[in-house]
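Hi there,

Here is the structure I promised to pass on to you. Have a look at it first, then read my notes below.

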Amino acid sequence: MKPNQIKIQDVTLRDGNQALRRPWTLDEKIEVFDLLIELNVDGIEVGFPSSNETEFVASKTLAKRAQAGIPIAGLSRANETEIARTWEAIQYANKPRMHIVYPVSDFSIRHVLKISESEVIQKIQRSVSFARSIVGSDVEIQFSGEHFGDAIENFAFTKEAFFAAIAAGANIINLPNTVERYRPMVFVNMVKEMKEFIGDRAKVSVHTHNDLGMATATSVECVYVGAEQIEVALNGLGERAGNTNLYETAIALHQNGESLGINFQRIYPTAKRIAEMTGIPIGEKTPIIGEDIFSHRSGIHQDGVAKTIKQTKGAYRTFSPEFVGRNDSETISFTNQSGHRAIQFLLENRGIVVPNEEIHRLFEKAKAISSRENNREITEAELVDLASCFKVTS
C-alpha cells in the first residue's frame, strides 16, 4: 500500500512560527523559506494569511518568491471571508495550495464547536465549495480534519466529513494527530482505514504532533499504510512538544530504502541556524543533530567503533556525520566505563603505540584517576602524558 512517491510538506513557517515566543519577522521568514528551498522540500506552508496583516504580507511575499512547481500553501479556517483573504495572498505562487481546516472529532464538535454533526458537514461543504469556486479547477485544495487522531468515537462520521470535502472539491485529505494521546499504531490504523475508504479520490496526508514523543515514528509508519504526504517542521518546532521532525523523518525513510528529494547535506547547517533564530537550543542527545550522537564511551561500543570507523556502515552508527552536513566525526572518549580499546584508539590517533603488555597498566591508572575524581572523563592529552611514563613508539 506504500505510495510510489512520498512528499515532504514543511509547516515550519506556519505551525512552527505560531508557537514561538517571538514569531519571526518578514526578513527572518524569508531566510527560513530560503533554507527550506535549499533543503529541497516538496512543499511549504508559508503561513496563516487571514490571521493578521503581518501574516498576510509574509505569505504574499513568500508566494511571490517561490520557484515554479513548489506547492505553496496558506492555512485558513472554514470561513469564506478568511478563505478569500488567504487566496489573495497565495495566488501569486506558481503552484498555490489552499489549506482549509475544521474539527471533526466528537469531543471538539460537542465541546468546542457546540453544533450538530450535520452542521459540521454543511460547514465543510460550503467552505470547500467556495474555495474551489475562487481558486479554479487546477489549484489543489487540502482539507484537514482537525483532531482526526481523537475521532475514534465517531470514526464513521469522519469518513462522511472527508467524503463531503472531496465531493466539494478537496483533492488532498490531511489527517492530523492534533494532540498525541495514544500509541502510534492506533493512529496508523485509523489512517489505514481512511486511506482504504478514500482510495484514489484524493491524496492522503498526515500531520502529527509530538505530545508523547512519538510523532516521527507515527508519521513514518503512516507511509506504509498509504500516506502520500508527511507534514514536518524544522527542528521539530510547533505547538507544545512540537511537530514531526523533518530531519528524523527524512533520515528514517531514507534508512528504510525510500527515495526522497531532500538535500540531506543541508540538514545540520539548517538545524544550527534555526536554533540560533529561535533561541531554542539543540539538546546534545537530539537525534541526527545533537552534539553527542557520534560520541562513544562504553568499552564494548568503543571496540566496535574502532573496528568499523572507516566503513560506510558503522557498528554503532546509523549514518555518517558528513551525510547530514556535519564536519565532526565519530569520537571515542575515556571514562571509567571505557575499555582498553579506547586508550589504544586515542593514542594511535596521536601516532603513539603502547606495547600490549603495558596497555593494561595504563588502563588501570587512567581508570583509577577517573573514579577518584568523581568519574570524570580523561582527556586525550592526559592519556598522552600518562603514556609517556611507559615504553612507547611513534
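What follows is a short tour of the barrel, one of its strands and one of its helices.

This is a predicted model, in which local features need pLDDT of at least 70 and side-chain atom pairs count only at pLDDT 80 or more, while totals for chains, interfaces and linings use all residues. Residues are numbered from 1 along each chain as its sequence is written, and side-chain values use heavy atoms, leaving out hydrogens and water.

Eight strands form a closed barrel in the order S1-S2-S3-S4-S5-S6-S7-S8, with parallel pairing. Strands here are DSSP E runs of at least two residues, and helices are H or I runs of at least four, numbered from the N terminus; two strands pair if DSSP finds at least two bridges between them.

Take S6 (residues 172-177), joined to S7 (residues 203-208) by six bridges. Leu175 stands opposite Val206, and Asn177 opposite Thr208. On its other pairing, S6 runs parallel to S5 (residues 140-146) over three bridges, with Phe143 partnered by Ile173.

Now look at helix H4 (residues 80-90). Its buried residues include Ile83, Trp87 and Ile90. Seen down the axis of H4, the buried residues fall within an arc of 160° (taken from the directions from the helix axis to the C-beta atoms), so they line one face of the helix.

Enjoy exploring!

Definitions and conventions. Contact = heavy atoms within 4.5 Å. Axes fitted to C-alpha atoms, helices over the stretch in contact; angles between N-to-C directions. Buried < 20%, exposed > 50% of the residue type's maximum accessible area, 1.4 Å probe, protein only.
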